[in-house]
Amino acid sequence: MIFLELFYNFFIIGLFTIGGGYAMLPLIQEKVVADHGWISEQMFTDIIAISQMTPGPIGINSATYIGYSVVREAGFNHFLCICGSFTTTFAVVLPSFLIVLWLCRIYSRFNHSRSWTGLMAALRPSVVGLIGAAAIIMIGPENFPDWKSWIIFVLAFAAAMSGKIHPILILVTAGITGYIIY
């Protein structure tokens, strides 16, 4: 049944993702688009765009929209599509909840251990790699920006790294510039 498959796959995604919602995107794309073919690459990109615009974590928002879309594509009614959204959202959050609950108990015992500190430091590079993979997937061959977009990106990145310009001003300026250019 589609609900069990969705629960299992999103539970696995939630279980093996470290680093938040953007780090989840490559795993979601692999399971939903590449492995199962539940949705197309274009629909996945659209869902990511919608997930970025709505309040909340992008990984959970994506899971919610994908759950609805997959059940809808399978031909079920609106109520069952909502159940699909609930299933994927619950499944992707459940591992984190259980792990954090378990880690709270562990942390209270070992929070001053050098091994624990070393383990946490070792996980940082993998999180950066997963977030970078999400950025590459979002760019993708069909969304590869032109040279004007790269210039906007480089200028926005430089402004953000300088630390002298407020991030909201950078976003507004980049948005207005993009609107004028395109």
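**Close-up 1. Helix 1 passes helix 2 in a right-handed crossing.** The model shown is predicted. Helix 1 covers residues 2-16, and helix 2 covers residues 21-35. Their axes lie 10 Å apart. The packing angle is about 155 degrees. Angles over 145 degrees count as roughly antiparallel, so helix 1 is roughly antiparallel to helix 2.

**Close-up 2. Residues where helix 1 meets helix 2.** Helix 1 contributes Asn9, Phe10, Ile12, Ile13 and Phe16. From helix 2 come Met24, Leu27, Ile28, Lys31 and Val32. Eight residues of this contact are nonpolar, one is polar and one is charged.

**Close-up 3. Helix 2 crosses helix 6 at roughly 60 degrees.** Helix 6 spans residues 114-139. The axes of helix 2 and helix 6 come within 7 Å. The angle makes helix 2 oblique to helix 6. The crossing of helix 2 past helix 6 is left-handed.

**Close-up 4. Residues where helix 2 meets helix 6.** On helix 2, the contact is formed by Tyr22, Ala23, Leu25, Pro26 and Gln29. On helix 6, the partners are Leu130, Ile131, Ala133, Ala134, Ile137 and Met138. The contact of helix 2 with helix 6 comprises 10 nonpolar residues and one polar residue. It has no charged residue.

Definitions and conventions. Residues numbered from 1 in each chain as written. Predicted model: local features only at pLDDT ≥ 70, side-chain atom pairs only at ≥ 80, totals over all residues. Heavy atoms only, no water. Axes fitted to C-alpha atoms, helices over the stretch in contact; angles between N-to-C directions. Helix = DSSP H or I, 4+ residues; strand = E, 2+ residues; numbered from the N terminus. Parallel < 35°, antiparallel > 145°, perpendicular 65-115°, else oblique. Left-handed = near helix turned anticlockwise from the far one by under 90°. Contact = heavy atoms within 4.5 Å. Nonpolar A, V, L, I, M, F, W, Y, C, P; charged D, E, K, R; others polar.
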